[in-house]
Amino acid sequence: MTGTYAQKIIAFARCWQSNCVITVAPRFLFELMKEGELPCGKEVWKDTIIQLPGGNRSSWINDLTGHTISAEGGLPVGDICRDLPAALLSSQDYRYDDTVH
């Protein structure tokens with residue numbers, strides 16, 4: 001993770017061949033939340049990005065909302081958490097380069 005709120009988001013990925021899923025969840029949200037609002041969108045998450053290994057370009061579907069997110073080396077948290085503060089992302093075209101650590 002990189003960006004302003006990198007310490008306030010967690011993500012966990014599992015990949016097999018070109019199929020991947022990533023779970024994304026926020027943590028320690030007190031300073032991000034406004035009364036009566038969910039911590040969603042670019043205005044909340046600013047420049048926070050989930051970095052992908054190898055910097056590969058891929059497209060992801062948020063299985064909770066149906067939105068498609070394009071990534072070029074990283075996934076913007078403001079796009080991922082556009083409508084909900086958590087996400088389950090899936091991709092069938094991610095190419096993991098295991099030579100990059």
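Mentor: Here is a walk through the cysteines, then a surface patch and one serine. This is a predicted model, where local features need pLDDT of at least 70 and side-chain atom pairs count only at pLDDT 80 or more, while totals for chains, interfaces and linings use all residues. Residues are numbered from 1 along each chain as its sequence is written, and side-chain values use heavy atoms, with hydrogens and water left out.

Start with the disulfide (a pair of cysteine sulfur atoms within 2.5 Å). A search of the whole structure turns up one. Its partners are cysteine 15 and cysteine 20, with an S to S distance of 1.9 Å. The torsion about their S-S bond is about 115°, so this disulfide is right-handed.

Next, ask how covered each partner is. Buried means under 20% relative accessible area, exposed means over 50%, and partly exposed is in between (1.4 Å probe, protein chains only). Cysteine 15 has 41% relative accessibility, so it counts as partly exposed. Cysteine 20 has a relative accessible area of 2%, so it is buried.

Cysteine 40 is in no disulfide. The nearest cysteine sulfur belongs to cysteine 81, 6.6 Å away. Cysteine 40 is buried, because its relative accessible area is 10%. Cysteine 81 is in no disulfide either, and its nearest cysteine sulfur is that of cysteine 40. Cysteine 81 is buried too, at 0% relative accessible area.

Now the surface. Val21, Leu64, Leu84 and Leu88 make a nonpolar patch of about 290 Å². Patches are made of residues with over 30% relative accessible area and no salt bridge; like charges are joined within 9 Å, nonpolar side chains (Val, Leu, Ile, Met, Phe, Trp, Tyr) within 5 Å. A salt bridge is a side-chain nitrogen of Lys or Arg within 4 Å of a carboxyl oxygen of Asp or Glu. The areas come from the Shrake-Rupley method with a 1.4 Å probe; for residues, only the protein chains shown count as cover. Valine 21 is partly exposed, at 37% relative accessibility. It sits in strand β2, residues 19–26. Strands (E, at least two residues) are DSSP runs, numbered from the N terminus.

Finish with serine 91, in strand β7, residues 87–91. Serine 91 is buried, because its relative accessibility is 4%. Leaving out residues up to four places away in sequence, it touches Ser18, Asn19, Cys20, Ser58, Ser59 and Trp60. Contact means heavy atoms within 4.5 Å. A polar atom of the serine 91 side chain lies 2.9 Å from the backbone oxygen of serine 59.

Note on methods:
Helices (H or I, at least four residues) and strands (E, at least two) are DSSP runs, numbered from the N terminus. A polar contact is a pair of N or O atoms within 3.5 Å; within protein, one must be able to donate a hydrogen and the other to accept it, and residues adjacent in sequence count only if both atoms are side-chain atoms.
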